[in-house]
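Open the model in your viewer and keep the selection tool at hand. We will go stop by stop.

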Amino acid sequence: MTIRNWIRFFMMTLLVGGVTTGIVGITVRWSELSTQFAGEDSIEILSVIVWMIGVGMTFSVLSQMGYFAYLTIHQFGLSIFRSLKLWNWVQMVLVAFVLFDLVYFRFEAFADDGDSLLPYFSLAAFLLVVGVIVSLLKAKQAKNKMIFPSTLFFMVVVTTLEWLPVLRSNENYWLITIMFTLIATNAYQMLALPKYNERSKKDREARLARKAAREQEAKAK
């Protein structure tokens, strides 16, 4: 990827994170924020929105770090197992392990006496469903079914790792808001990267064509 397209990719992911956090954050806290909006305190309203967007952009940077770390891990896994099929099975096992941890250890850490385990399945189930949808879209985009496990691994395992600071606090507002932010930014990166790679390829070809034309023109003189 060229530097120019990487910057575009970075800025668009930043925008996706900020906008998602702003929309979801206001929606989740609407009952609380509606009183401020009704008071027509424009400065306070603007400060709340800017703050939420800033938080979303911060987590979008974390998301991008996670994505590029994942690309490295993926190549590392292929070199260790020397078989895409075996590496895919390993990734699926890790997905199952992380989903189990996301339910069981949260229950052990935060459940009160007599609480049911079932409510703790909701976040893990939602993450899995979205991960499957994104993985299907990615497999269709790449026209390669073998890419499904690695995409699911990224959407579940890497998203959960990026989500850990919020999971430890267990505050419902931030759990939901940051979950949507990370899902949006990770899905965007997974599905949009090929477009930026294609742009970079065309930019390099155009640059080489211009260079060849200049050299041909210089020889003609």
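Start by selecting K143, in the loop between α5 and α6. This is a predicted model. Show the backbone and check phi: at K143 the angle is near 55°, a positive value in a residue other than glycine. Most residues other than glycine have a negative phi. K143 counts as exposed because its relative accessible area is 77%, and the cut-off for exposed is over 50%.

Move on to N170. Its place is the loop between α6 and α7. Phi is positive here too, about 60°, although N170 is not a glycine. Is N170 buried, partly exposed or exposed? With a relative accessible area of 21%, N170 is partly exposed. Buried would require under 20%.

**Into the core**

Next, select W163 and I178. The largest nonpolar core has 44 residues, and these two touch the most other members. Colour the helices that give two or more residues to this core: α1 (3-28), α3 (42-81), α4 (84-110), α5 (121-142), α6 (148-169) and α7. Which of them gives the most? The answer is α7, with 13 residues.

**Along α7**

Stay on α7, which covers residues 172-220. Select N197, found in this helix. N197 is partly exposed, at 34% relative accessibility. Now draw a distance from N197 to G114, C-alpha to C-alpha. The two are 52 Å apart in space and 83 residues apart in sequence.

Then pick R210, also in α7. R210 is partly exposed, with a relative accessible area of 47%. Together with R210, they gather in a patch of positive charge on the surface. Colour by charge to bring out this patch.

**A nonpolar patch**

Finish at W6, in helix α1. How exposed is W6? W6 is partly exposed, with a relative accessible area of 36%. With W6, they form a nonpolar patch on the surface. Together the patch residues have about 570 Å² of accessible area. Which helix gives the largest share of this patch? That is α1, with four residues. Keep α1 selected and look back at the core: α1 is also one of the elements that give two or more residues there.

How values were computed
Residues are numbered from 1 along each chain as its sequence is written. This is a predicted model: local features need pLDDT of at least 70, side-chain atom pairs count only at pLDDT 80 or more; totals for chains, interfaces and linings use all residues. Side-chain values use heavy atoms; hydrogens and water are left out. Patches are made of residues with over 30% relative accessible area and no salt bridge: like charges are joined within 9 Å, nonpolar side chains (Val, Leu, Ile, Met, Phe, Trp, Tyr) within 5 Å. Accessible areas come from the Shrake-Rupley method with a 1.4 Å probe; for residues, only the protein chains shown count as cover. A salt bridge is a side-chain nitrogen of Lys or Arg within 4 Å of a carboxyl oxygen of Asp or Glu. Lys and Arg count as positive and Asp and Glu as negative; His and the chain ends are not counted. The place of a charge is taken as NZ of Lys, CZ of Arg, CG of Asp or CD of Glu. Buried means under 20% relative accessible area, exposed over 50%, partly exposed in between (1.4 Å probe, protein chains only). A nonpolar core is a set of buried Ala, Val, Leu, Ile, Met, Phe, Trp, Tyr and Cys residues joined through side-chain atoms within 4.5 Å.
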